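Have the viewer ready and follow along.

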Amino acid sequence: MAIKIAIGGDHAGFTYKGLLTKQLAAAGYDVTDFGPGSDASVDYPDHVHPLAKAVVNKEADFGILICGSGNGVAMTANKYQEIRAALCWKPELAKLSREHNNANVLCIPARFVSEEEAADMVRVFLETAFEGGRHQNRVDKIPAC
C-alpha cells in the first residue's frame with residue numbers, strides 16, 4: 001500500500017508544489033493536492049486547515065506544506081494537537097525533525113531554498129523513521145492539553 005502524502009501551501013509555494021507532486025507520484029507515493037491551483041494570491045490557512053485535518057484523520061500519512069517563508073503554514077498546521085509541523089531549510093533539519101520529533105508535516109520556505117534542496121528535504125523526511133526511545137517522552141509532552 002502506497003504511503004499517502006497531502007501537499008499544499010500558498011501562491012509562493014505553487015511552483016515547488018507542482019514539482020514535488022510529480023516527483024512523489026513518480027516515486028510511487030499516493031499524493032493528494034490541497035491547493036492552491038495557481039500562483040494567484042491566496043490565504044494559506046484555506047489550504048492548510050484541510051491538509052492538517054487529513055493528516056489528523058489518517059487520510060494522509062504525512063503532509064508537505066510550502067509557502068514563501070514556511071512560517072505561516074507551520075503556525076497554522078501546529079494549531080492541531082496531533083500535528084507536529086517542522087519548518088526546515090536543510091535536509092539535516094528534515095532528518096532530525098523525523099528522528100527526534102516524529103514530525104508528520106514538513107514545511108518548506110520556497111523563497112529561501114532551491115528546488116533541489118526542497119526535493120532533498122522531502123526525500124529525507126519521508127525516508128527517515130522516528131527513533132522513539134528517549135525522544136518519545138518528549139514528543140508526548142508537546143500537546144498543550
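Which residues are exposed on the other side of α1? They are K22 and A26, where exposed means over 50% relative accessible area, buried under 20%, and partly exposed in between (1.4 Å probe, protein chains only). This is a predicted model, in which local features need pLDDT of at least 70, side-chain atom pairs count only at pLDDT 80 or more, and totals for chains, interfaces and linings use all residues. Residues are numbered from 1 along each chain as its sequence is written, and side-chain values use heavy atoms, with hydrogens and water left out.

**Helix α1**
- Spanning residues 14-26, α1 has 13 residues and reaches 19 Å from first to last C-alpha, close to the expected 18 Å (1.5 Å times one less than its number of residues).
- Y16, K17, L20 and L24 are its buried residues.
- Seen down the axis of α1, the buried residues fall within an arc of 100° (taken from the directions from the helix axis to the C-beta atoms), so they line one face of the helix.
- Those buried residues pack against β1, β2, β3, β5 and α5, with contact meaning heavy atoms within 4.5 Å.
- Just after α1, G28 takes a positive phi of about 95°.

**The whole chain**
- The protein chain has six helices and five strands; these are DSSP runs, with helices (H or I) of at least four residues and strands (E) of at least two, numbered from the N terminus.
- Along the sequence the pattern reads β-α-β-α-β-α-β-α-β-α-α.
- Buried residues make up 44% of the 145 residues.
- The C-alpha trace spans about 45 × 30 × 30 Å along its principal axes.
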